[in-house]
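Me: I would like a close look at a single part of this model, with the cut-offs stated. Please keep the answer connected and plain.

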2 protein chains.
Amino acid sequence: MQIAIVLYDRFTALDAVGPYETLGRLPDAETVFVAERTGPFRTDTGTLALTADRTLAEVPDPAIVIVPGGPGQSTQMDNAPLLDWLRTADATSTWTTSVCTGSLLLAAAGLLTGRRATSHWLALDQLERFGAQPTGERVVFDGKYVTAAGVSSGIDMGLTLLGRIAGDDYARTVQLATEYDPQPPYDAGSPGKAPTHIVDRLRARSRFILT
Amino acid sequence: MQIAIVLYDRFTALDAVGPYETLGRLPDAETVFVAERTGPFRTDTGTLALTADRTLAEVPDPAIVIVPGGPGQSTQMDNAPLLDWLRTADATSTWTTSVCTGSLLLAAAGLLTGRRATSHWLALDQLERFGAQPTGERVVFDGKYVTAAGVSSGIDMGLTLLGRIAGDDYARTVQLATEYDPQPPYDAGSPGKAPTHIVDRLRARSRFILT
């Protein structure tokens, strides 16, 4: 059983590493970081690179597809080889998933049309324009399609999907092993909770965050 | 201002990426992944590699030092070049920090003697044997020394330290940008909350998790 995590230039590291560190602990599964070419891919900050070990062509039929988001997503929306691979992989996948604006790539590949889905809160309008039905939930299941909200939500998605596949007790074991007992020092993690002036500040800068 | 995140073989990815994705958004700071040599370093699962862009010698005096943990930490406890670098960097750092069993490396370097500190819950006894005073808190401040509990706690540490340095509003902005509004599907993230049989299972396997 293969779990393929897709990389591309200027992705957001935690989008990929959240599901990797949780769902990637699935027993008897092989996690593979894939991209159009093998080698290092720089994240959105430019200060970190993660390695793709296999090309997309080398991993044609993973059981689970995970597409992270990040500013670089905007440059991939008309990348035919990537979108073709997503469609082909999805044809045989058990689960097709995304974190953050990774859902826009699934939508651009035509995989979320008419489906309930989510994305980074700043990208929900765009997700709707691509034919999906955005919801306000942090992790959204619609059949085998699982989409998560912004960046850090991939940890919650990974644990949720791990529980569905390997059972609640196994997922709890991974939660305890990773000591995922979150205690944020602030309560500003969603637009409904953050102070208005901070929400407004990010909306005004959304172009720089999303592209 | 440099933020140096230390890599070594078989570190745990989220230990490094949690602080990177939060504290690494500090304005006017340069995050640098450092190690004994440059190039890719494999994580504990072997399925992912992160790149060290600079050698330890090239980054002698970062303002912030971040040491992740992971099973590979156990092989670094008598690595003189790394421990020497930690001591030298600490001599001029503003903050010296760790996530998970990274605190054992700080302790092995003699930097946590008599200090309040934490680590992965399975490693608290070992931390005490190295002269620190373990606490049950998720993020522990003792002067400029900041240690976080297991794996995912580096996100909370990163945001907390970001708030101390750049102000609460800036940290809240990063929290909202990364949509850090955690909603774990289970409440098993600490030994006090997880079912006893799961805590016991991990204790029995602690050697494999820690080394």
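How many salt bridges are counted between chain B and chain A?

Reply: The count between chain B and chain A is 6 salt bridges, a salt bridge being a side-chain nitrogen of Lys or Arg within 4 Å of a carboxyl oxygen of Asp or Glu. This is a predicted model, in which local features need pLDDT of at least 70 and side-chain atom pairs count only at pLDDT 80 or more, while totals for chains, interfaces and linings use all residues. Residues are numbered from 1 along each chain as its sequence is written, chains are lettered from A and ligands numbered from 1 in the order in which they are written, and side-chain values use heavy atoms, with hydrogens and water left out.

A salt bridge joins the side chains of A:Asp53 and B:Arg42, at 2.7 Å from N to O. A network of salt bridges links A:Glu21, A:Arg25 and B:Asp44. Across the interface of chain B and chain A, 46 residue pairs are in polar contact, both residues at pLDDT 80 or more. A polar contact is a pair of N or O atoms within 3.5 Å; within protein, one must be able to donate a hydrogen and the other to accept it, and residues adjacent in sequence count only if both atoms are side-chain atoms.

On the side of chain B that touches chain A, the elements giving two or more residues are helix 1 (13–22), strand 2 (30–35), strand 3 (39–42), strand 4 (49–52), helix 5 (153–166), helix 6 and helix 7 (196–204) of chain B. Helices (H or I, at least four residues) and strands (E, at least two) are DSSP runs, numbered from the N terminus. Helix 6 of chain B gives the largest share of that side, 8 residues.

In terms of contact, meaning heavy atoms within 4.5 Å, 64 residues of chain B meet 64 residues of chain A. The area buried between the two chains is about 5700 Å², and carbon and sulfur atoms give 57% of that area. Of the area that chain B buries against chain A, B:Leu176, B:Glu179 and B:Tyr186 supply 15%, more than any other three residues. Buried area here is the accessible area (1.4 Å probe) that two parts lose on being put together, summed over both.

Helix 7 (residues 196–204) of chain A has the buried residues A:Ile198, A:Val199 and A:Leu202. These residues cover an arc of only 100° around the axis, which puts them on the same side of helix 7 of chain A; the arc is that of the directions from the helix axis to the C-beta atoms. Buried means under 20% relative accessible area, exposed over 50%, and partly exposed in between (1.4 Å probe, protein chains only). The buried residues of this helix pack against helix 8 (206–210) of chain A together with helix 6 (168–177) of chain B. The face turned away from the buried side of helix 7 of chain A carries the exposed residues A:Thr196 and A:Ala204.

Salt bridges within a chain can be set beside these. Over all chains, the structure holds 24 salt bridges. One joins the side chains of A:Arg116 and A:Glu137, at 2.5 Å from N to O. A:Arg116 lies in strand 8 (residues 116–117) of chain A and A:Glu137 in the loop between strand 9 (133–134) and strand 10 (139–142) of chain A, so the pair ties together parts 21 residues apart in sequence.
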